[in-house]
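This briefing goes through selected strand pairings, ring contacts and side-chain contacts. The topics are listed in turn below.

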Amino acid sequence: AGIFILKTMQTPLPVPSPQPQILDTSDWQTYRNEKFGFEVKYPSQKASVQEVKKQTGYFDRTSFRVAQVDTSFNQESNLPTKTPRGTIEIYVDEDSAWLKSCLASEVISKSMPDEIKNINGVEFSLYDESSAATGSRANEKSYRTIYGGKCYRIQSFVIWTSIDFYRGATTGESVTQEEIQKEQKLVQAQVDFNSQILSTFRFVK
């Protein structure tokens, strides 16, 4: 008689995908602009909105900076630079002659958007226009779309002074790894906060 060995293969159980966290905005304030037909939400204890209505000329083109959201929410930090700082600026361009260039970045090296971002059912061309100068750092994102025959441009800024540059320009002391990690954490928290507010932007007509 022969001996038979039966091997059974266990099918691995599927690993559930992590569910995206739902942003709770139930206690947020809503800024609505009736003229240009959009709204954006923000937590009043961490951010504020100012209507600007300022004209900004680009050669013979005029944009209206219609609102500015101050998103600097005063994170607890003992870094001497007292940064980062955050803002979101919303521009509307009504000049139909310039609609063809609406979706293009003003940064010459950016010929194509880095991403097409869907915000509440509307597609935006997203450009990463971040930059760095002596001591100064800027995480800047430009969101652009055409809606209702108008060009909408939303600029998200997070600006900070490099702790490494600050130490060298003041005390000359070396920067600790803990300070660098803390700076990175603060910057990322500010970037994430800007993104949360931007996720609430929507057109209302």
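In this predicted model, Glu39 stands opposite Arg202 of strand β11. Strand β11, residues 202-203, runs antiparallel to β2 and is joined to it by two bridges.

**Strands β1 and β2**
- Strand β2 spans residues 38-42, and four of its five residues are buried.
- Five bridges pair β2 with strand β1 (residues 29-33) in the antiparallel sense.
- Asn33 stands opposite Phe38 of β2.

**Aromatic rings**
- The count of aromatic pairs comes to seven.
- One of these is the pair of Phe201 and Phe203, with 5.2 Å between the ring centres and 85° between the planes.
- That angle is over 60 degrees, so the pair counts as edge-to-face.
- Phe201 is buried at 2% relative accessibility, and Phe203 is buried at 11%; the limit for buried is under 20%.
- Ring pairs link Phe201 and Phe203 into a cluster with Tyr31, Phe38, Phe124, Tyr147 and Tyr152.
- Separately, Arg153 lies over the face of Tyr91, 4.0 Å from the ring centre.

**Disulfide**
- The structure has one disulfide, formed by Cys102 and Cys151 with their sulfur atoms 2.1 Å apart.
- The link of Cys102 and Cys151 is right-handed, with 85° about the S-S bond.
- Cys102 is in the loop between β5 (85-93) and β6 (115-119), while Cys151 is in strand β10 (residues 150-161), so the pair ties together parts 49 residues apart in sequence.
- Cys102 and Cys151 are both buried.

**Gln155 in strand β10**
- Gln155 lies in β10, the strand that also holds Cys151.
- The relative accessible area of Gln155 is 3%, so this residue counts as buried.
- A polar contact of 2.7 Å connects the side chain of Gln155 with the side chain of Glu140.
- Leaving out residues up to four places away in sequence, Gln155 touches Thr87, Ile88, Glu89, Tyr91, Glu129, Glu140, Lys141, Ser142 and Arg144.
- Tyr91, among these contacts of Gln155, is the residue whose ring face lies under Arg153.

Terms used:
Residues numbered from 1 in each chain as written. Predicted model: local features only at pLDDT ≥ 70, side-chain atom pairs only at ≥ 80, totals over all residues. Heavy atoms only, no water. Phe/Tyr/Trp six-rings, centres within 6.5 Å; stacked < 30°, edge-to-face > 60°. Buried < 20%, exposed > 50% of the residue type's maximum accessible area, 1.4 Å probe, protein only. Lys NZ or Arg CZ within 6 Å of the ring centre and 35° of its normal. Disulfide = S-S within 2.5 Å. Polar contact = N/O pair within 3.5 Å; in protein donor to acceptor, adjacent residues only side chain to side chain. Contact = heavy atoms within 4.5 Å. Pairing = 2+ DSSP bridges.
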